Amino acid sequence: MALWFCSARFLVFLFIVSALPIAYIISQERAKTDHHVFHYHSSGFFRECAKWDDQGRRFLVSFLEGGVGEIHVPQNYTPDVVLQEVTVVKDSGLTGNASNGIALDRPRNRLLVAVADVLGNRYSGLAAYDLSTWKRLFLTKLSGPGDEKSMADDVAVDADGNAYVTDVKGSKIWKVGVDGELLSTLTNPLFTPKEWYKSLLGLNGIVYHPDGYLIVIHTLSGNLFKIDLAKGDEVKLIEVAGGPLAFGDGLELISPTKLVVAAGNPSGRLVESTDGWETASVVAKFKGPMHRLATAATVKDGKVYLNHMFGMGYPRKTHALVEFVL
């Protein structure tokens, strides 16, 4: 009898403990906000990155299970409408690999996609797809079986069409030419934190600055780096007041002096520099739906939106692109 009573109490305790986070999620989902949210229905639970394509009036999103979707926003859109995701890329040649960071290369009418084996870290690549036909233009192998473990995480493109892909596992950057040729690999001692555990998740979000350098973030250390392409890939640590930017993920340059960092908590941070990104300061923070996990940022009509990894609901999953109110 005593054992039964203890077991019953234990089951009740487990029920209460499990119900608490569910109740929190439900309350967060139903809470009214003073910022705009694009909701869309999807076939998958995990959406890693989103970028706004103004010419196509659509958000492009990458699938953690592999693939790319588009969410068209009609001219007569109203905030109460739940948009629909349509799959545009499901590459059978990359089955088993995730589609991670994406970058629009509008001058060449293509989308660049960082591809990786997330669980095993046995393959990394960069794929390019035509934005009109979705035909694959090239697939560049960055690492494979027999190489050190790696995971292509994010990608940026420069004015000449060269792509720069971060390796979150090995903290390096691959440079890929405009036609898909692997040109070089950038490593630097600054990319390796002193604490071993901070190397578990390394270089992540990356952007190309119009003045000819890269800005890249290290996930667990929160360090922000400037890589000057005109000075032999010189690497400098950007001193960030109000930092470090721990758990920083996707980046979006919204002006030459302002950068948005998507992160875990808070969901987003606005970083500003007045000296060409030698130093910077955190000037604003945004707390969004933490249970959905912000992973990327994009700009639509002058407003910043944060992509969130997790979709909610079944069988149709509802995802959220949440406005970062600056």
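Visitor: What makes Trp196, Tyr197, Leu200 and Leu201 a nonpolar patch?

Guide: In this predicted model, these four form a surface patch with about 480 Å² of accessible area together. Patch members have over 30% relative accessible area and no salt bridge, with nonpolar side chains (Val, Leu, Ile, Met, Phe, Trp, Tyr) joined within 5 Å and like charges within 9 Å. Areas come from the Shrake-Rupley method with a 1.4 Å probe.

Visitor: Why is Tyr197 called partly exposed?

Guide: Its relative accessibility is 42%, and partly exposed lies between buried (under 20%) and exposed (over 50%). Tyr197 sits in the loop between strand E13 (182-186) and strand E14 (203-209); strands are DSSP runs of at least two residues.

Visitor: What makes Lys226 and Glu278 a salt bridge?

Guide: Their closest N and O atoms are 2.9 Å apart, and the rule asks for a side-chain nitrogen of Lys or Arg within 4 Å of a carboxyl oxygen of Asp or Glu. The pair links distant parts of the chain, 52 residues apart.

Visitor: Why does Lys226 count as buried?

Guide: Lys226 is buried because its relative accessible area is 10%. Glu278, at 31%, is partly exposed.

Visitor: How do you know that Asp301 is exposed?

Guide: Asp301 has 55% relative accessibility, so it counts as exposed. Its salt-bridge partner is Lys300, at 2.6 Å from N to O, and Lys300 is buried at 8%.

Visitor: Which conventions apply throughout?

Guide: Residues are numbered from 1 along each chain as its sequence is written, and side-chain values use heavy atoms, leaving out hydrogens and water. As the model is predicted, local features need pLDDT of at least 70 and side-chain atom pairs count only at pLDDT 80 or more, while totals for chains, interfaces and linings use all residues.

Technical notes:
Helix = DSSP H or I, 4+ residues; strand = E, 2+ residues; numbered from the N terminus. Buried < 20%, exposed > 50% of the residue type's maximum accessible area, 1.4 Å probe, protein only.
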